[in-house]
Amino acid sequence: MKRTVATTLVLALPLSLLLWLSGAVPLHLAFGGVTLVTFFVAFSGFLALRALRLADLPASAAWVAGVFASALVVYALVAWFKLLALHAFALWAGALALCAIVFPERAPRPERLDRKEMAALAMCGLVTVMWCREIAQAPAKLVRDNVLYAWLDYFVHGAIISQFGDPLAQRGSVFLADVPPLLYHYATYMLPAALAGLLGEPGLPLATSLWLPMGVLTMCAGAYVLGAGLAGPAAGLASVAVLTLVPDASTYGLRNGFLSFHFHMVVTPGASYVIGVFLASAALLGRWAPAASPRPLLASAALALGALWFRVHVFAVGFPAWLATAALATRAVRARLLLFAAGGSLAFLLFVMAFYAATDSDFALPVFLDVLHDRQEPTAYDGVYWALLTEHGQLLAALAGIPLVYLACLGALVVLYPLAAWLAQRARVLQATDLFPAFLIVAYLAMMLTAPIDKHRDSTEFTVRPFVLVYAAVAVWTVCLLCRAFALRWPQRARQAWPTLLGASLLGVALAWHGTPAMALPKFDWGWSFYPQRIDAGLTQAARYLRQHGRPGQVFAMQGLELKWAATDPAVQLSSLSGMTAYLSYISAHTIEAKARERVALERYARLARLERAPSAAAALEELRRLGIAWYVVIGWNGPPWDPARRETRFLEHNVAIYAVPAS
């Protein structure tokens, strides 16, 4: 229990500080709520490690295991029993307490805190604050300036967190009331959703100021676990540093900003969670020996399989690489390597053929390479791919374009990783599980070659998103293999590596502190259409009004939504800021889904359009009541036509008006 309490205090402090920076929660409430959630997450992780007889792993492993287990259990309870995330988390916490009572430690002995593992946890928390502090303040700046200083998708993520955690949003999909949520990897939203219910806050501040930091923290914890397992505690610190303190490949060389590891770490926080999960899974796999206990293998397999519910894009590359690494560790596979390699390749080829035969999807590769290399200006090689394509044809352009992807996303690691592997091989410290990064590179190649264009007609959905795991694994293994070779060559100096690396990491934090916000900004021109994002003045006040006066089960509708594609719309923004379900929002997302969902969205759009022709305010409000809408929101300086002077409004701020629909 001493390790659990220490882990809780070390991690709750940076997480609660970042939540407080959102401006939505007082510091004492942020600390209390975050500490409660953090305790049970860490407790579940330590219980899981103890049950698997892996209690000797560092506290960082318990954090990753706890996030993984807690998120999946809460998600299962929410999905199966339609519970709020808070209620599901309370059941999970009760079950954990019961397990601790019923299954106490068999031979309890005084626990001694390992100062190195606590210092490593504190370092993970420190770099999390360094990377997340600017976006954590985005909700407060939004209230002040009506500008979201974060990637536009955070409005969507905030609404999803409300969908699972806010009593106001318990009407199916938060974007389309009374319709089931879209199929998606929702596990990462569960813990922020539980805290949203506990603190009574809408989703946006939880998305920017807890969901993101918890993901970065989980990634750092996974990196430390893997690094410590591969080459000792000093390598664990080096693994955290190489992911968070060393500039990524987008800052030098080809300078392709769309392949910036740090940009994706901040913009798509779900990727950080799954990176941490896969790195911890690889660490557990490294502890397994075929002739010994299968527990490390089972734990590693659970993490690798469960990653599907955290980020399917990354799972699609990570799991095949894990499977190949685990298989190669067995003597039977090594004895028949060509047979198993041919069988795996054939199975993959048959799967790809069956997928394209069953769907009308198009291969993403040619479009993806064009988009990635020729439409991410400015880069250091603008026009090169286009010249190859126009002068030498698609085949030669693809043959050059694929290596350029690796060079652009890995940068110097393209040279350093093979060099480190060669040094480790020469020193005879290379192990079978050290092939995991190589298998990731191959799996990513297979994904680029065979991935489809997704339903949004986005060729980068499956071809770009997984690169973050490739980068993280290659970077961590590079430093760990170098640490192994260093320890073998200079064993006396290796004992002094820990304090040296800790001091270097702290110095790195001091040097990088002011530069990290800029490192996470878009480095490609089109990105500035999505960051920052100005919203209508008065929308934050309207959200506060709905939150104060709305009741669970009520929905709002908004005038003037458009059918054309949009990354977000005012209705999504209002849901994210208020926590209330929209009668209709995010129309373009529904029209590319199943026909039934598209039909519902278009029918509701037509009904709201007809509402504009109502002869009077009374008739319009009666029609809204008949549709089950409790609040009607109008944005603009005029109208609606049936109340041009806006005499019937309950709320009016700047150009945002809210009408309350009588219940009967």
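View 1. The charged end of Arg604 sits over the Tyr583 ring, 4.7 Å from its centre. A charge counts as over a ring if NZ of Lys or CZ of Arg is within 6 Å of the ring centre and within 35 degrees of the ring normal. Lys141 and Tyr149 make a second case: the charged end of Lys141 lies over the ring of Tyr149, 5.8 Å from its centre.

This is a predicted model, in which local features need pLDDT of at least 70, side-chain atom pairs count only at pLDDT 80 or more, and totals for chains, interfaces and linings use all residues. Residues are numbered from 1 along each chain as its sequence is written, and side-chain values use heavy atoms, with hydrogens and water left out.

**View 2. Phe175 pairs with Tyr586.** The structure holds 31 aromatic pairs. Rings of Phe, Tyr and Trp (its six-membered ring) pair if their centres lie within 6.5 Å; planes under 30 degrees apart count as stacked, over 60 as edge-to-face and the rest as tilted. Phe175 and Tyr586 form a tilted pair, 5.5 Å centre to centre with 55° between the planes. Phe175 lies in the loop between strands E2 (172-173) and E3 (176-177), and Tyr586 in the loop between strand E6 (581-582) and helix H27 (587-590), so the pair ties together parts 411 residues apart in sequence. Helices (H or I, at least four residues) and strands (E, at least two) are DSSP runs, numbered from the N terminus. Both Phe175 and Tyr586 are buried. Buried means under 20% relative accessible area, exposed over 50%, partly exposed in between (1.4 Å probe, protein chains only).

**View 3. Tyr189 and Trp211 are a ring pair.** Their ring centres are 4.9 Å apart and their planes at 15°, so the pair is stacked. Tyr189 is in the loop between E3 and helix H8 (190-199), Trp211 in helix H9 (residues 203-231); the pair links distant parts of the chain, 22 residues apart. Tyr189 is buried at 1% relative accessibility. Trp211 is buried too, at 2%.

**View 4. Ser70 sits in helix H3.** This helix spans residues 59-81. Ser70 is buried, with a relative accessible area of 0%. Its side chain reaches the backbone oxygen of Gly66 at 2.8 Å. Such a polar contact is a pair of N or O atoms within 3.5 Å; within protein, one must be able to donate a hydrogen and the other to accept it, and residues adjacent in sequence count only if both atoms are side-chain atoms. Leaving aside neighbours within four places in sequence, Ser70 is in contact (heavy atoms within 4.5 Å) with Phe40, Val41, Ser44, Trp92 and Leu191.

**View 5. Phe556 belongs to the largest nonpolar core.** A nonpolar core is a set of buried Ala, Val, Leu, Ile, Met, Phe, Trp, Tyr and Cys residues joined through side-chain atoms within 4.5 Å. Of the 236 residues in this one, Tyr154, Leu243 and Phe556 touch the most other members. Helix H9 gives the largest share of the core, 18 residues. Not counting residues up to four places away in sequence, Phe556 touches residues including Leu546, Leu574, Met580, Tyr583, Ile629 and Trp631.

**View 6. Arg3 meets Glu117.** The structure holds 14 salt bridges. A salt bridge is a side-chain nitrogen of Lys or Arg within 4 Å of a carboxyl oxygen of Asp or Glu. The side chains of Arg3 and Glu117 form one at 3.1 Å, N to O. Arg3 is in helix H1 (residues 2-21) and Glu117 in helix H5 (residues 115-136), 114 residues apart. Both Arg3 and Glu117 are buried.

**View 7. Arg547 meets Asp166.** This salt bridge is 2.6 Å, N to O. Arg547 is in helix H25 (residues 539-549), Asp166 in the loop between helix H7 (154-165) and E2; 381 residues separate the two. Arg547 is partly exposed at 22% relative accessible area. Asp166 counts as buried at 3%.

**View 8. Two prolines follow cis peptide bonds.** The bond from Glu377 to Pro378 is cis, with omega near 0°. Pro378 lies in the loop between helices H17 (365-374) and H18 (384-410). A cis bond also joins Gly639 and Pro640, with omega about 5°. Pro640 lies in the loop between strands E7 (631-635) and E8 (651-653).
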